[in-house]
Amino acid sequence: MAQQAYMEETDNGGSGPERRDSRFRRLLDRLTGPWRGDPRIWRRGLVLAALALVLALIMLMHSRIPNRIGNFGSLTETFLPWLGLAIPVLLVLGFVRKSATALIAVILPAVVWLNLFGGLLTDKAGAGGDLTVATHNVNADNPDPSDTARDVAASGADVVALEELTSAAVPTYEKALAGTYKYHSVQGTVGLWSKYPLSGVKPVDIKLGWTRAMRATVTTPEGQVAFYVAHLPSVRVKMEAGFTARQRDKSADALGEAIADEPLERVVLLGDLNGTMNDRALNAVTSQLRSTQGAAGSGFGFSWPASFPMARIDQILVKGVEPESSWTLPETGSDHLPVAASLMVDTSS
């Protein structure tokens with residue numbers, strides 16, 4: 001009788017966890033069995049481990065990569081998030097090589113990447129906001145300006161900035177947007193459309209010899225906001241010259257000086273900056289303003305090229321107002337995606 005009770009207690013109380021534990025051990029044995037007793041797991045994959053360490057150092061020390069040769073530092077920073085794609089490749093190769101050294105080394109670039117960009121993977125968007133803004137490089141060769149204008153207006157934005165406007169296309173944009181936006185101004189190749197009155201409109205000299213930036217005061221129901229619209233010079237990747245960005249960098253410095261001299265406390269910059277927030281060459285601008293995508297977006301918000309976005313070079317940057325949400329809009333006839341953001345102008349509450 002005692003023996004029977006003992007057996008019943010064992011069967012009822014211990015078989016469940018014991019079976020689960022045995023399944024886990026069998027799975028672990030299948031994964032690690034071929035590696036056990038193999039002293040070479042620490043000697044194999046040293047090259048992979050070295051590559052993992054180099055990758056981690058590039059991401060960790062990207063600001064130290066010199067720009068003297070082909071602006072290689074700025075080029076690296078423009079596509080910095082994409083370096084993370086090398087991590088799963090190194091991980092798979094480490095398993096194929098059965099290298100414990102390589103697998104442990106891959107942890108380092110993974111931690112660095114998550115430290116740099118992990119915050120962008122979460123959805124930080126809020127539900128508030130009293131002003132919606134949008135910006136779009138419409139592309140000078142846009143085959144259908146009317147549709148593009150209507151698409152941007154359909155976003156519900158209160159203020160819209162357009163870049164790369166041609167003199168021939170401006171009347172088309174003005175006509176398409178007139179029903180939604182009562183106030184607008186075009187300065188050179190950039191323009192600002194608003195549901196609220198504009199004042200203090202003027203071009204901004206970004207050292208190009210022609211106008212590709214402007215400034216205006218928008219009088220919203222919550223107060224005045226200084227709006228800047230800018231289209232910084234394009235950059236090119238050339239075999240003989242590398243990442244050519246000298247004129248873009250010079251214009252960024254001039255734009256930064258104009259923003260620094262702005263008397264209003266609330267500032268919004270809309271435009272195609274031809275650079276990302278990681279690019280040190282834009283520090284004169286980005287050191288003064290916050291990215292709405294970084295503060296209140298979801299994901300990286302890549303905007304260019306529209307067919308397969310790889311970088312966010314179209315920016316909404318703010319100071320003195322609170323970003324509530326930030327997003328990209330659907331593709332239009334341009335090679336850029338429009339980007340939009342909801343802002344809280346009245347931050348007193």
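Predicted model: local features only at pLDDT ≥ 70, side-chain atom pairs only at ≥ 80, totals over all residues.
When I say two residues are in contact, I mean that they have heavy atoms within 4.5 Å of each other.

First, the overall picture. The protein has 349 residues, and 46% of them are buried. Its secondary structure comes to ten helices and 14 strands. Its accessible surface is about 17,700 Å², with 58% of that belonging to carbon and sulfur atoms. If you take the contacts between residues at least 6 apart in sequence, 68% of them join residues at least 24 apart.

Now to one residue, His-231. It is found in strand 7, which covers residues 223-231. Is His-231 buried or exposed? Its relative accessible area is 3%, and buried means under 20%, so His-231 is buried. What does His-231 touch, leaving aside its neighbours within four places in sequence? The list is Asn-137, Glu-163, Glu-164, Val-190, Ile-206, Arg-212, Asp-272 and Asn-274. There is also a C-alpha separation to look at here: His-231 and Leu-273 are 42 residues apart along the chain, and their C-alpha atoms are separated by 5.7 Å.

With neighbours within four places in sequence set aside, Val-321 is in contact with Arg-266, Val-268, Leu-343, Met-344, Val-345 and Thr-347. For Arg-266 we also have a C-alpha separation from Val-321, which is 6.0 Å across 55 residues of chain.

Start with helix 2, residues 46-60, and helix 4. Their axes come within 10 Å and cross at roughly 165 degrees. Angles over 145 degrees count as roughly antiparallel, so that is how helix 2 and helix 4 run relative to each other. The crossing is left-handed. On the helix 2 side the residues are Leu-48, Leu-51, Ala-52 and Leu-55, and they meet Ala-86, Ile-87, Leu-90, Leu-93 and Gly-94 of helix 4. By class, this contact of helix 2 with helix 4 has eight nonpolar residues, one polar and no charged.

Helix 4, residues 86-96, also packs with helix 5, residues 100-117: the axes come within 9 Å and cross at roughly 170 degrees. That makes helix 4 roughly antiparallel to helix 5. Which residues make the contact? From helix 4 they are Ile-87, Leu-90, Leu-91, Gly-94 and Phe-95, and from helix 5 they are Ala-102, Leu-103, Val-106, Pro-109, Ala-110 and Trp-113. The classes here are ten nonpolar, one polar and no charged. Note that Leu-90 of helix 4 is listed both in the contact with helix 2 and in the contact with helix 5.

The axes come within 9 Å and cross at roughly 40 degrees. That makes helix 6 oblique to helix 7. The crossing of helix 6 and helix 7 is right-handed. Helix 6 contributes Pro-145, Ser-146, Ala-149 and Ala-153, while helix 7 contributes Thr-172, Tyr-173, Ala-176 and Leu-177. Six of the residues in this contact of helix 6 with helix 7 are nonpolar, two are polar and none is charged.

Last, some backbone details. As background, most residues other than glycine have a negative phi, and most peptide bonds are trans.

Where do we find a positive phi in a residue that is not a glycine? Asn-139 is one case, at about 75 degrees. Asn-139 lies in the loop between strand 1, residues 131-137, and helix 6. At 15% relative accessibility, Asn-139 counts as buried.

Lys-207 is another case, with a positive phi of about 65 degrees. Lys-207 is in the loop between strand 5, residues 198-203, and strand 6, residues 213-220. With a relative accessible area of 44%, Lys-207 is partly exposed.

As for the peptide bonds, the one from Trp-304 to Pro-305 is cis, and its omega is near -10 degrees. Pro-305 sits in the loop between helix 10, residues 292-296, and strand 12, residues 314-319.

That is the end of the talk.

Note on methods. Residues numbered from 1 in each chain as written. Heavy atoms only, no water. Axes fitted to C-alpha atoms, helices over the stretch in contact; angles between N-to-C directions. Helix = DSSP H or I, 4+ residues; strand = E, 2+ residues; numbered from the N terminus. Parallel < 35°, antiparallel > 145°, perpendicular 65-115°, else oblique. Left-handed = near helix turned anticlockwise from the far one by under 90°. Nonpolar A, V, L, I, M, F, W, Y, C, P; charged D, E, K, R; others polar. Buried < 20%, exposed > 50% of the residue type's maximum accessible area, 1.4 Å probe, protein only. Areas by Shrake-Rupley, 256 points an atom, 1.4 Å probe, with all protein chains shown as cover.
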